[in-house]
Amino acid sequence: MTDGPQDAASQAADPSTSAQELYELAAARPELRAQIAEHPNAYQGLLDWLGTLGDPDVDAALARRVREADPQATQVLPDSGRQDPQQTQEFGAVHHEQPAQHGVPPWEDQTAAYPQQQAWGQHQQQGYYPAAPASGHPGPYPPQGGYGQWQQPEAQEEERRSPAGMCALLALLVLMLVGALVAVWALFLSGDDDDEPVQEPPAEEQQEPDDQNGDDEAEEEQAQPVTPQSPEFDEEDGVLTIPDIEGVQYSVEGSAASGEVGLEPGESVTVTAEPEDGYEFLDDATAEWGFTAEDDGEERPAPGNAATGDAFSAPSGNIHCELGSDDVTCTIDEHDFSAPSGCEDGTTVSVGTTGSSEPDCGTSVSSQPASLDYGLSMTNGDFACTSDESGVECWSVETGNGFTLARETLDLYDW
């Protein structure tokens with residue numbers, strides 16, 4: 001490019017000057033920028049930058065360029081987006097409140113309003129005014145978009161209104177959504193129960209109150225488990241010892257029993273146990289036992305519960321007995337039966353390990369300190385006695401022979 005002023009002006013006016021040459025002229029010759037603004041080969045980036053300089057001559061040239069392309073178009077000012085109310089068809093530059101300094105490159109001009117679009121932002125990053133044009137002719141001016149853009153009034157008005165319209169539409173949609181939510185919530189809270197049918201629960205979920213209460217009571221009254229224990233048995237003495245266990249009732253041959261139970265030699269009994277109220281036995285618990293007293297060859301063994309002793313008196317104090325090693329002897333002081341021969345001061349009888357029982361008034365037994373209560377027995381070796389309200393009976397366990405003494409009777413017997 002020629003550096004002389006005349007050559008530069010000619011080049012700016014020459015329609016064949018390329019976009020690249022116009023780019024260089026705009027940088028080197030600020031006084032030719034108005035002429036460059038009307039050049040047919042000025043590309044969009046250069047025109048956008050020229051429109052931001054605030055140069056009245058450049059703005060007027062740009063306005064003329066636009067009017068030539070579209071007489072009905074108006075200019076949108078690049079620094080504010082407003083139409084220039086003072087722009088006329090004939091002339092009139094676009095005035096800016098803060099014009100850029102003429103002849104100062106854009107990187108030194110601190111008052112110039114540079115465009116914020118991507119194209120000019122790239123120019124600023126390069127530290128230079130608009131980038132050089134790309135290869136090929138940029139096309140006729142004005143293209144769409146960018147600073148210094150010219151639009152039809154209706155398009156310009158629509159562009160200004162569209163953001164506000166979108167905001168208003170969005171606000172309306174939000175209000176409608178909030179209203180719908182409030183309406184649904186109010187309907188839910190104020191629903192009429194009479195209009196809604198009552199939904200019955202499934203049949204399997206319905207329960208009768210009485211059955212439920214019955215199940216609760218059954219759980220509260222559930223029986224307590226208990227295990228019965230076997231009675232202890234002394235075979236030699238023929239004595240059963242019944243355990244004392246809470247919740248267990250023992251029976252011997254069907255009769256309730258507790259403590260010690262005596263068996264006759266060779267006697268067999270069955271002991272059973274049953275749970276008391278509020279208790280239950282485990283399924284594998286043993287609740288029945290059998291016992292048999294040992295048969296030692298005695299003709300008439302002493303009762304299994306007989307106490308061991310050698311003398312006693314009846315509770316009435318009228319009969320007294322001694323159990324010796326060879327015989328058992330008893331004396332009755334007063335009686336109503338006829339006394340045997342030779343018995344004047346009471347009647348005395350005895351029985352030995354052999355033979356029958358017989359009167360023995362040559363001896364007598366006096367009162368004893370030990371008393372044998374009614375229903376109890378006493379044994380000593382080969383002899384045994386039992387006290388009863390009907391009298392006292394004594395015998396030899398070897399032979400079974402014995403006697404019974406009472407106020408009304410005297411009975412001597414052989415077993």
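**Notes on the predicted model**

1. Start with burial. The chain has 415 residues, and 37% of them count as buried. Keep in mind that this is a predicted model.

2. Next, the surface. The accessible surface of the chain is about 24600 Å². Carbon and sulfur atoms account for 47% of that surface.

3. Now the secondary structure. The chain has eight helices and 22 strands.

4. Look at helix H4, which covers residues 44-51. Buried here means under 20% relative accessible area. The buried residues of H4 include Leu-46, Leu-47 and Leu-50. Asp-48 and Trp-49 are buried too.

5. Turn to the strands. Which strands form the open sheet, and in what order? Six strands form this sheet, in the order E12-E18-E19-E20-E21-E22. Their pairing is mixed. The edges are strand E12 (307-308) and strand E22 (410-413). Each edge strand pairs on one side only.

6. Strand E21 spans residues 402-405. Four bridges join E21 to E22. These two strands run antiparallel.

7. Last, contacts along the chain. Take the contacts between residues at least 6 apart in sequence. Of these, 53% join residues at least 24 apart.

Methods: Residues numbered from 1 in each chain as written. Predicted model: local features only at pLDDT ≥ 70, side-chain atom pairs only at ≥ 80, totals over all residues. Heavy atoms only, no water. Buried < 20%, exposed > 50% of the residue type's maximum accessible area, 1.4 Å probe, protein only. Contact = heavy atoms within 4.5 Å. Areas by Shrake-Rupley, 256 points an atom, 1.4 Å probe, with all protein chains shown as cover. Pairing = 2+ DSSP bridges.
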